[in-house]
Amino acid sequence: MKSDLLSMLPYRQTSDQVRWDIALLMHRVWPSSPAPTQGAIVPEEHDSALDALSCFIYRANRLLSYAAVLHLTLSHVGQTFRMAALSCVATDPDYQNQGLGSLVVSAATRCIENSHADIALFTCDPPLAAFYAKAGWPVVSVEVIGSHDVGALSSTELGKVVLLRLLSEHAHQHAEAFANTTISLGVPLGQFV
């Protein structure tokens, strides 16, 4: 494998070119996501309220792999928790199976572990759970919903599994509250992690 540079930068500080490349990568990996068009406003992948941290790898001016860490405050069982979530994990289809996804996921996971987050959460398609388990993300029996609003997205309806880690003493003190439960993210309709 050629030497690749792993970069980490708050999403709000990334250049228009990097944001464009992220949107293009999302479309290449998930063709149902909107394709960026020349001359259009650079698409925003992350709500600014989620204070996203971007982890990415470029080779020869091409974005090969990307992952973001989102930050939310979660109210659950009468307690407040700081949550960090993986999001938008993607590797260019032409460069998959080269360890690039593992590199960005590992880097993002280390950032989460070294943050002030109480819990770490992520959802993914069931066949990808083994990949994330290698980076320390266990599958749990939890349903995640975007909010309690009618029409909010849910992990069950989307066919996703939930991966969850308790990080802080505060989270460990309330571990039973994160078993066989429903967790509401409290995000606007249409948003999810």
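1. Tyr132 is buried, at 4% relative accessible area (buried is under 20%, exposed over 50%, partly exposed in between, with a 1.4 Å probe and protein chains only). Phe131 is partly exposed, at 30%. These two residues form an edge-to-face aromatic pair, with 4.9 Å centre to centre and 80° between the planes. For Phe, Tyr and Trp (its six-membered ring), rings pair if their centres lie within 6.5 Å; planes under 30 degrees apart are stacked, over 60 edge-to-face, and the rest tilted. Ring pairs join Phe131 and Tyr132 with Phe122 and Trp137 in a cluster.

2. The model is predicted: local features need pLDDT of at least 70 and side-chain atom pairs pLDDT 80 or more, while totals for chains, interfaces and linings use all residues. Residues are numbered from 1 along each chain as its sequence is written, and side-chain values use heavy atoms, without hydrogens and water.

3. The whole structure holds 5 aromatic pairs. One of them is Phe81 with Phe178, edge-to-face, at 5.0 Å centre to centre and 75° between the planes. The pair links distant parts of the chain, 97 residues apart: Phe81 is in strand S4 (residues 79-91), and Phe178 is in the loop between helix H5 (169-173) and strand S9 (181-184). Helices (H or I, at least four residues) and strands (E, at least two) are DSSP runs numbered from the N terminus. Phe81 is buried at 0%, and Phe178 is buried at 4%.

4. The search for salt bridges (a side-chain nitrogen of Lys or Arg within 4 Å of a carboxyl oxygen of Asp or Glu) finds 9 in the whole structure. In one of them, Arg12 meets Asp51 with the closest N and O atoms 2.4 Å apart. Arg12 lies in the loop between strand S1 (5-10) and helix H1 (16-29), and Asp51 in the loop between H1 and strand S2 (53-59), so the bridge ties together parts 39 residues apart in sequence. Arg12 is exposed at 55%; Asp51 is partly exposed at 36%.

5. Arg19 takes part in two contacts. Its salt bridge with Glu44 has the closest N and O atoms 2.6 Å apart. The charged end of Arg19 also sits over the ring of Tyr11, 4.5 Å from the ring centre (CZ of Arg or NZ of Lys within 6 Å of the centre and within 35 degrees of the ring normal). Arg19 is buried at 10%.

6. Asp92 and Arg62 form a salt bridge, with the closest N and O atoms 2.8 Å apart. Asp92 is buried at 2%, whereas Arg62 is partly exposed at 31%. Shared partners join Arg28, Arg62, Asp92 and Asp94 into one salt-bridge network.
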